[in-house]
Amino acid sequence: MAMNIKAVTACMGYQQITSLSSAASLTVPTQDKQGNLKQPTFALIIAETQNVRWRDDGVAPTASVGMVLTAGVPLQYDGDLTNIKFIEQTASAKLNISYYM
């Protein structure tokens, strides 16, 4: 079930990952904009230029193994943000991520 983005109360930050030739993790924010210790509960993730693969089971994805995230199609992820990893399927992939609580 997709999360309703209108139910999100606050954006906690943004990240772009441009180096995906090896498995990359997210840099999850640990503070809200006021400096309070908080953790995002959800991320909106979009592969911008090429498809990428991801896994969140503690094993790094490879260019041929993992769930495909098609370029331009958003992934609304509300699992353990510290456990998900990404890798490019084809060179020059990049990810854009927004974090929400």
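**Reading side-chain pairs and surroundings**

Modeller: Happy to, and keep in mind that this is a predicted model. Let's start with a salt bridge: Glu48 pairs with Lys94, and their closest N and O atoms are 3.5 Å apart. The partners come from distant parts of the chain, 46 residues apart: Glu48 sits in the loop between β3 (42–47) and β4 (52–55), and Lys94 in the loop between β7 (85–88) and β8 (95–100).

Biologist: What is the general idea behind such a pair?

Modeller: Opposite charges on side chains can pair when the charged atoms come close. Here the cut-off is 4 Å between a side-chain nitrogen of Lys or Arg and a carboxyl oxygen of Asp or Glu, so a distance within that limit counts.

Biologist: Are Glu48 and Lys94 buried, partly exposed or exposed?

Modeller: Glu48 has 41% relative accessibility, so it counts as partly exposed. Lys94, at 23%, is also classed as partly exposed.

Biologist: How many salt bridges does the structure hold?

Modeller: There are 2. Besides the Glu48 and Lys94 pair, Arg55 forms a salt bridge with Asp57, with the closest N and O atoms 2.6 Å apart. Asp57 is partly exposed, at 47% relative accessible area.

Biologist: Now to the rings. How many aromatic pairs are found in the whole structure?

Modeller: The search finds 2. One of them joins Trp54 and Tyr77: their ring centres are 5.8 Å apart and their planes make an angle of 75 degrees, which is edge-to-face. Trp54 belongs to strand β4 and Tyr77 to strand β6 (residues 75–77), so this pair ties together parts 23 residues apart in sequence. Both Trp54 and Tyr77 are buried.

Biologist: Next, the surroundings of a single residue. Where is Gln15 placed, and is it buried or exposed?

Modeller: Gln15 is in strand β1 (residues 11–17). With a relative accessible area of 12%, Gln15 is buried, because buried means under 20%.

Biologist: Which residues is Gln15 in contact with, leaving aside neighbours within four places in sequence?

Modeller: Among them are Ser25, Leu26, Thr27, Leu95 and Tyr99. For Thr27 there is a further detail: its backbone nitrogen lies 3.0 Å from a polar atom of the Gln15 side chain.

Biologist: And the backbone? Which phi value does Ser92 have?

Modeller: Ser92 has a positive phi of about 80 degrees, although it is not a glycine. You will find Ser92 in the loop between β7 and β8, and at 58% relative accessibility it counts as exposed.

Methods: Residues are numbered from 1 along each chain as its sequence is written. This is a predicted model: local features need pLDDT of at least 70, side-chain atom pairs count only at pLDDT 80 or more; totals for chains, interfaces and linings use all residues. Side-chain values use heavy atoms; hydrogens and water are left out. Helices (H or I, at least four residues) and strands (E, at least two) are DSSP runs, numbered from the N terminus. Buried means under 20% relative accessible area, exposed over 50%, partly exposed in between (1.4 Å probe, protein chains only). A polar contact is a pair of N or O atoms within 3.5 Å; within protein, one must be able to donate a hydrogen and the other to accept it, and residues adjacent in sequence count only if both atoms are side-chain atoms. Contact means heavy atoms within 4.5 Å. Rings of Phe, Tyr and Trp (its six-membered ring) pair if their centres lie within 6.5 Å; planes under 30 degrees apart count as stacked, over 60 as edge-to-face and the rest as tilted.
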